[in-house]
Amino acid sequence: MGMNREVIEAQVRAVLPLDGSFAVFLGNEEKTFVIYVDESVGSAISMFMRGVAKERPLTHDLLASVLLAFGARVDRVIINRVEGSVFYARIIVSAENELHARKVIELDARPSDSLALALQQSAPIFVAKSVWESVEDVSGTLAEIEKRSAEQAEKDQATQGVAAADLSEDDEDELDPEDLEDLDLEGILDVEDDDEEDEDEEDDEAKGYDDGYGGFDDDDDEGEEWKKGK
């Protein structure tokens, strides 16, 4: 686990389908918290997690290809603040080609898109220490879901006359959605009617922080110009 003064490294531990949305469990061996994302991005995150092949490139695949065409890639993503139930994130992009020396651009982004791109490009994921300390630890909830999923899988396999498979710790990131169909995930998670990915970001300027890599402030002209051009 990477850790420094201001950020903590985390991984996407599981992605579970809910009714019309997905629950993304993000954390490490010390703590896990959940971010609820919309169905389309949640499906993309799940596919990247499981290495599912796609017939045609999806949105995040296309964006990664565009970055690559300009000699750029996602260097890392940071979940840098949370307000109520709404999380905010930054994508750190590094670019270098025959026309320009290496430069680093910081972009404001939804956590869901940030996580999808990080998984697509195998980029590290960090959580600001202030966010890490404020979110609720749901490690026990994830363990309970994994336990119930394993039990459901055993029941299904027993019904089909197949030996029950042992859900090992290595499989926790790839829970089979079919094993979760009969589980009341909303009840287990105690889902509230919150939109973690609120499109109406009243404050588009994320608060500054030192990410342990030299720091980035929100007056990054390159990042702002990039956003204006979208």
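In the predicted model, Arg-110 counts as buried, its relative accessibility being 16%. The side chain of this arginine meets that of Asp-38 in a salt bridge, with an N to O distance of 3.0 Å. The pair links distant parts of the chain, since Arg-110 lies in the loop between strand S6 (103-109) and helix H3, whereas Asp-38 belongs to strand S3 (residues 32-38), the two being 72 residues apart.

Asp-113 is partly exposed at 22% relative accessibility. Through salt bridges that share partners, Asp-38, Arg-110 and Asp-113 are joined into one network.

His-60 is found in helix H2, which spans residues 59-69, and is buried, with a relative accessible area of 9%. When neighbours within four places in sequence are left aside, the residues in contact with His-60 are Val-41, Ala-44, Phe-48, Asp-113, Ala-116 and Leu-117.

Helix H3, comprising residues 111-120, is mostly covered, with seven of its ten residues buried. These buried residues are Pro-111, Ser-112, Ser-114, Leu-115, Ala-116, Leu-117 and Ala-118, and Ala-116 and Leu-117 are also among the contacts of His-60. An α-helix has 3.6 residues a turn, so residues three or four places apart point the same way. Just after H3, Ser-122 takes a positive phi of about 55 degrees.

A further salt bridge is formed between Glu-106 and Arg-90, whose closest N and O atoms are 2.9 Å apart. This pair likewise links distant parts of the chain, with Glu-106 in strand S6 and Arg-90 in strand S5 (residues 86-95), at a separation of 16 residues. Both Glu-106 and Arg-90 are buried.

Technical notes:
Residues are numbered from 1 along each chain as its sequence is written. This is a predicted model: local features need pLDDT of at least 70, side-chain atom pairs count only at pLDDT 80 or more; totals for chains, interfaces and linings use all residues. Side-chain values use heavy atoms; hydrogens and water are left out. Helices (H or I, at least four residues) and strands (E, at least two) are DSSP runs, numbered from the N terminus. Buried means under 20% relative accessible area, exposed over 50%, partly exposed in between (1.4 Å probe, protein chains only). Contact means heavy atoms within 4.5 Å. A salt bridge is a side-chain nitrogen of Lys or Arg within 4 Å of a carboxyl oxygen of Asp or Glu.
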